[in-house]
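This report is written for someone meeting the structure for the first time. It turns to the ligand and its surroundings, and then to aromatic pairs.

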Amino acid sequence: MSLRLRLTLFFALVLAVSLLAFSALLYVMLDHALALDVDSSIASKAEDVARTSRIRGEYPLQPRRIRLPRIDAFAAPEIYIQLLDAEGAVVDRSANLGEHHLPLTDEALASGRQGQPWYDTIALDGQPLRVYTAPLLVDDDVIGFIQVARSLSDNEQTLAHVQRLLLICDALVVGGAAAIGWVLARAGLRPLDRVVEAARAIGHSGQLDRRLDPPRRQDEVGRLVATFNEMLDRLEAMFNAQRRFVADASHELRTPLTTIRGNVDLLRRNPTLPPEDVQEALADIASEAERMSRLVTELLRLARADAGVGFAREPVRLDTVLRDVHRQVQRHKPETRVRLEAIAPALVLGSRDALQELLLILVDNGLKYTPPGGEVVLALHTADGWHRVSVSDTGVGIDPADLPHIFERFYRAPRARQQGGTGLGLAIARWLAEQHDGRITVESAPGKGSTFTVWLPVLDATVPAAVAPAPPIPQEELTPVP
Ligand code: ADP
């Protein structure tokens, strides 16, 4: 069932139920008012008759009798009057009753004998009648009864008429409202149809650069279009990044492969090559193979990151990780000094291996881009809810123009190209920092050196990890990094 039909039916149903409830209330109130009117009219007629009745036998011991007024003077075509003595025998009745008697029910008799009037609804000759029976009292003695009846046919006809009228009106109003609702729903949903059409066209053609026409109004459909366009923006960006990534990765893999194949060809074609040249070719092959295997490992790491593969987190002593890294890297490049400075116990929530990997990337870069004789300094400071691990070197530094790009995948600053590298290290490092609710900032002066700082939220051992939110990074300490 279409949304349009469902909306129309729903509103028609709500309207129908409300109108029916309203009509039923109206009907019941009218019925009640008419019934009250009949009851009060026959009661007042009975009072009129009783007021004009005279009692015979005023003296003691003389049986008291009713002296009747001329009953027909009170009767009207639809009002019937009947007088009864104390035993319930009919004494007189209006001529319009013909051969009929108004029945005296047991309840009416019992109530009358106690001095109380009584109402009955009966059928006489197939005609509904409302009968009022009131006692005629003399000195608290019941000496007879007066009955006044009125036909209910008129009321029933009126009620039937009103009922028919209400039902017809309700049906017309509901039908009219449903028709208007149907037209309005179509007008309201037309922009949605256009969105569906456009989305389908984009889906079929795969043209992620296409966008839906910007909405004229900021209603629900307008917001849908805006959200859809935003989603397309993100999809397009992701798709382009993925395409660039694959292209860059293939390009990066092709370079070492070409070198390896060139050297293998050289060795094959020249069996008499001097041993030094053979050694050189083999060394080239080995270093390119090593570069390739590093590249493939890093590509795998990033692919896993893109696939959302995270790692289990637990409380980790950051200072211990830093000491381990310091111990390991000293062997990497003995001609550059690595110094550990300012270190105190520091607890973070994370993965020990991942943190080690993150710091190794930064320290290896520091070593790689620092000429022999330089120095790399590691330090750990804690302030304002953050542990800051800084890796400073006295190396080549980074040009301000390169600074915004160094965390991009495969980005390598021109002056760093002669160093072996893949351009993936910092991209991985940034992802690792973000996985720890932290980030990396960098300050650098070309020719003087660089300082990379990893910000990690302090884990308060007394607070459960799940409820300890990361504090905001002080803005003045941030270097803009994409
Ligand atoms: P690479 O494998 O090229 O080192 P990275 O992603 O680790 O890739 O670094 C990206 C670029 O950032 C490097 O090519 C280099 O230009 C620059 N860079 C990173 N660390 C340093 C540093 N300590 N000193 C100078 N330049 C650096």
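The paragraphs below describe a predicted model.

**The shell around the ligand**

The ligand is surrounded by 21 residues, and the closest of these are Asn365, Tyr369, Asp393, Thr422 and Leu426. At least two residues of the shell are supplied by each of helix H7 (352-368), helix H8 (425-435) and strand E14 (449-457), and among the contributors it is H7 that gives the most, with three residues. The space that the ligand takes is the largest pocket.

**Polar backbone atoms and the ligand**

| Residue | Atom of the residue | Distance to an oxygen atom of the ligand |
|---|---|---|
| Ala413 | polar backbone atom | 3.1 Å |
| Thr422 | polar backbone atom | 2.8 Å |
| Gly425 | backbone N or O atom | 3.3 Å |

Taken alone, the ligand exposes 520 Å², of which the protein buries 98%.

**Aromatic pairs**

A search of the whole structure finds six aromatic pairs. One of them is formed by Tyr119 and Tyr132, a tilted pair with 4.9 Å from centre to centre and 50° between the planes. Because Tyr119 lies in strand E5 (residues 118-124) and Tyr132 in strand E6 (residues 127-138), the pair ties together parts that are 13 residues apart in sequence.

Conventions
Residues numbered from 1 in each chain as written. Predicted model: local features only at pLDDT ≥ 70, side-chain atom pairs only at ≥ 80, totals over all residues. Heavy atoms only, no water. Near = heavy atom within 4 Å. Polar contact = N/O pair within 3.5 Å; in protein donor to acceptor, adjacent residues only side chain to side chain. Areas by Shrake-Rupley, 256 points an atom, 1.4 Å probe, with all protein chains shown as cover. 1 Å grid on protein atoms, 1.4 Å probe; cavity = no way out; pocket = protein on both sides within 12 Å on 5 of 7 lines; lining within 4 Å. Sits in = over half its atoms within 2 Å of the grid points. Helix = DSSP H or I, 4+ residues; strand = E, 2+ residues; numbered from the N terminus. Phe/Tyr/Trp six-rings, centres within 6.5 Å; stacked < 30°, edge-to-face > 60°.
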